[in-house]
Amino acid sequence: MSVSPMTQPDVDIDLGRLVKAIWEKKALVAGLTAAAAGLAFLVTGMLNPLYKSETRLLIETREPVYSSDQNQSAPDTAFDDRAVTSQVEILRSTDLIKQVARNLDLSSRVEFDPAANPSAIGNVLIMLGLKKNPLDVPAEERVLKEFYKKLDVYAVPESRVIGIEFSSEDEALAAAVPNALVDVYLASQSGAKLENNTDASAWLEPEIAKLRDRVRESESKVAEYRARTGLLLVNQQDTIAAKQLSDISTELSRVRAERADSEARAQSVRNALDNGQAVDAVSNVLDSPVIQRLRESEGNIRAQLADVSTTLLEAHPRMKGLRAQLADVERQITNEIRKVLSSLESNARVARIREQELTAQLNELKAGSAREGEEAVELRSLEREAAAQRDLLETYLGRYREAASRSQPKALPADARVISRAVPASEAYFPKTVPIIIVSALAAFLLSSIGVMLGELFSGRALRPSSGLTREPENGRGVSEAPVAAAVPSGGVAMPVEQTSQALGLISNDADDFSVEAVAEQLVTDMTSVAVCVSPEGDEGSAAAVMLVRTVAGDGLKTVLIDLTGSACPTELMAESIRLPGLTDLMCGEISISDSIHPDRLSSAHIIPRGNANARRAMRAIDRLPMVIDALTEAYDLVVVECGAADAASIARIARAERGEIILSILRSDEAEIAELLIEFNAQGFEDVLLMTPGQPVSPLGSRSSAA
């Protein structure tokens with residue numbers, strides 16, 4: 001024997017084997033599934049149906065229609081997420097729930113107080129002290145506990161809506177409880193507002209009485225101070241002194257304007273007289289009736305003078321008389337103008353004197369006004385105090401009238417309104433019989449299937465080596481040094497049909513099924529004690545032998561495998577370590593038989609590993625192997641010897657044709673190669689050979705089923 005590297009080969013899960021195992025135990029799986037479905041049907045039928053109803057509230061600011069703020073829309077942020085959450089907790093408060101329980105008399109219902117009618121088992125547990133007597137808890141507390149189990153109050157995300165769900169065995173009660181809870185909540189909110197208004201009215205009434213006294217006192221101080229200082233008001237704002245000062249200032253301005261106008265007119269007339277200019281442009285001259293008549297006479301005389309000057313000479317008496325009249329009229333006009341000038345100068349002197357008098361009076365009033373200014377500072381302070389007290393009194397009076405108008409319960413709506421009231425449910429929400437039965441049946445099916453698959457995996461029957469890690473057997477050493485000769489050369493030349501049919505007649509499988517399970521069943525049925533496995537294709541065939549051993553062990557038989565391969569593939573698949581003492585150590589006499597036997601990692605089978613002693617030295621004592629096999633048959637129901645890629649001559653050295661079974665583990669060989677191997681074994685005296693393959697079935701020569 002040769003020692004292979006200390007590497008554990010990878011294995012694959014045979015999914016086909018798992019599915020087949022489930023199909024083989026379909027009766028168990030179907031029974032468990034049907035039992036689970038039936039049990040679910042019975043349990044759901046025994047449960048009392050539960051009905052659920054829901055009421056929804058919208059949290060918003062609500063004011064009476066007569067409120068002064070009714071035209072002002074409430075801001076969107078009046079109730080934020082925290083405020084809505086607070087309202088949810090208020091709806092779950094114990095006081096509200098107790099009120100609802102009393103209104104609906106829930107304590108009289110067995111559904112809300114199951115402890116009032118304890119079972120016989122419960123009484124026994126209470127007597128033994130294993131359970132606390134629920135009657136020790138007050139009935140109201142027991143009702144609250146059950147109430148909270150059935151109540152669900154939640155805030156709808158991204159909104160100010162609150163949902164109130166309640167479940168009960170009575171569909172009418174399931175709708176009545178959330179509606180009653182909402183009514184109690186709205187009444188409590190309105191009551192809280194009413195209580196606030198009542199407290200406000202009770203506090204404002206004495207405060208208003210005190211403020212009235214203080215306002216009266218402040219206004220009395222103002223009136224008294226005005227009378228004492230003479231700061232009496234002529235109108236709403238001005239005092240007598242201020243009014244006089246304003247009037248004198250206005251009159252002084254008017255007099256100064258008249259004086260200036262008179263002086264200007266007089267100066268204009270004077271300048272015209274001194275310069276000999278016409279003074280007709282002065283309004284006072286034009287307005288004089290005497291001057292107007294004299295101007296008319298002057299005009300008539302000038303007209304007559306012009307008329308007669310055309311016919312009379314300058315020395316004519318008529319001409320002289322008209323000129324004398326004209327000179328007299330002009331002299332009269334000049335005299336009248338001087339009178340107008342004298343009148344203007346007189347008016348200017350009178351205005352000047354009046355101005356002086358008004359100026360003196362104004363100066364006196366200014367001196368008195370300075371004194372009144374100092375007194376007005378104190379007066380304004382008293383007026384501000386009185387005004388502040390008066391404004392506060394008016395504010396309190398407004399608040400008091402508003403609070404008094406809201407003294408009725410219906411005058412103060414709660415900051416919430418019902419947008420959806422609960423109605424009795426038409427069907428129960430629990431239990432959902434059909435979904436529960438389907439889920440239970442599906443769960444039972446899955447669990448039972450998983451149990452079957454785990455059993456196959458733990459037994460190793462559903463494991464096979466990875467095809468990518470197949471190693472060729474080592475040649476020239478030990479029992480495995482003679483590989484099986486190929487019946488078909490590389491060129492693909494086949495054996496004669498007659499010879500092939502004769503060779504296939506040597507196959508001793510009871511049915512056309514060459515799977516590992518079928519071979520295991522035949523070994524168990526025939527009560528075979530020794531089976532020698534030959535794997536011409538190397539480690540893949542050896543892995544099939546491991547699956548065979550685990551399958552037989554899974555059927556309850558005590559099974560052991562002897563690893564006689566050169567690659568130690570069975571040892572790697574079954575033993576905890578490839579360095580465990582085994583067959584070579586036993587052949588060399590270093591250990592006993594019991595020390596060479598080790599348990600399989602994944603099943604109840606045992607294995608005699610390849611061992612650690614020198615393989616050539618061990619092969620010298622290979623003739624002792626039949627005696628070892630005979631000894632093992634006394635303790636095990638089946639002894640499997642895995643020889644790897646050994647030829648028929650090598651197998652003949654360790655196995656007798658009259659005992660046990662020869663198992664040919666084939667994976668990919670064609671019909672001609674199988675026939676060649678069977679002929680070789682027949683030549684060595686082995687007339688019946690079991691064919692085993694873990695792959696898919698094929699039909700050699702169209703007659704028997706095999707697995708490719």
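Select strand β2 (residues 51-59) together with β4: 8 bridges join these strands, which run antiparallel. Strands here are DSSP runs of E with at least two residues, and helices are runs of H or I with at least four, numbered from the N terminus; two strands pair if DSSP finds at least two bridges between them. Within this pairing, T55 has I164 of β4 as its bridge partner.

The model is predicted, so local features need pLDDT of at least 70 and side-chain atom pairs count only at pLDDT 80 or more, while totals for chains, interfaces and linings use all residues. Residues are numbered from 1 along each chain as its sequence is written, and side-chain values use heavy atoms, with hydrogens and water left out.

Next, select strand β3 (residues 151-155), which is joined to β4 by 5 bridges and runs antiparallel to it. A155 stands opposite I162 of β4. Between β3 and β4, which form a hairpin, lie 5 residues; in this turn, E158 has a positive phi of about 60 degrees.

D512 is partly exposed, with a relative accessible area of 43%. On the surface, D510, D512, D513, E521, D526 and D555 gather in a patch of negative charge. Such patches consist of residues with over 30% relative accessible area and no salt bridge, like charges being joined within 9 Å.

Key: Patches are made of residues with over 30% relative accessible area and no salt bridge: like charges are joined within 9 Å, nonpolar side chains (Val, Leu, Ile, Met, Phe, Trp, Tyr) within 5 Å. Accessible areas come from the Shrake-Rupley method with a 1.4 Å probe; for residues, only the protein chains shown count as cover. A salt bridge is a side-chain nitrogen of Lys or Arg within 4 Å of a carboxyl oxygen of Asp or Glu. Lys and Arg count as positive and Asp and Glu as negative; His and the chain ends are not counted. The place of a charge is taken as NZ of Lys, CZ of Arg, CG of Asp or CD of Glu. Buried means under 20% relative accessible area, exposed over 50%, partly exposed in between (1.4 Å probe, protein chains only).
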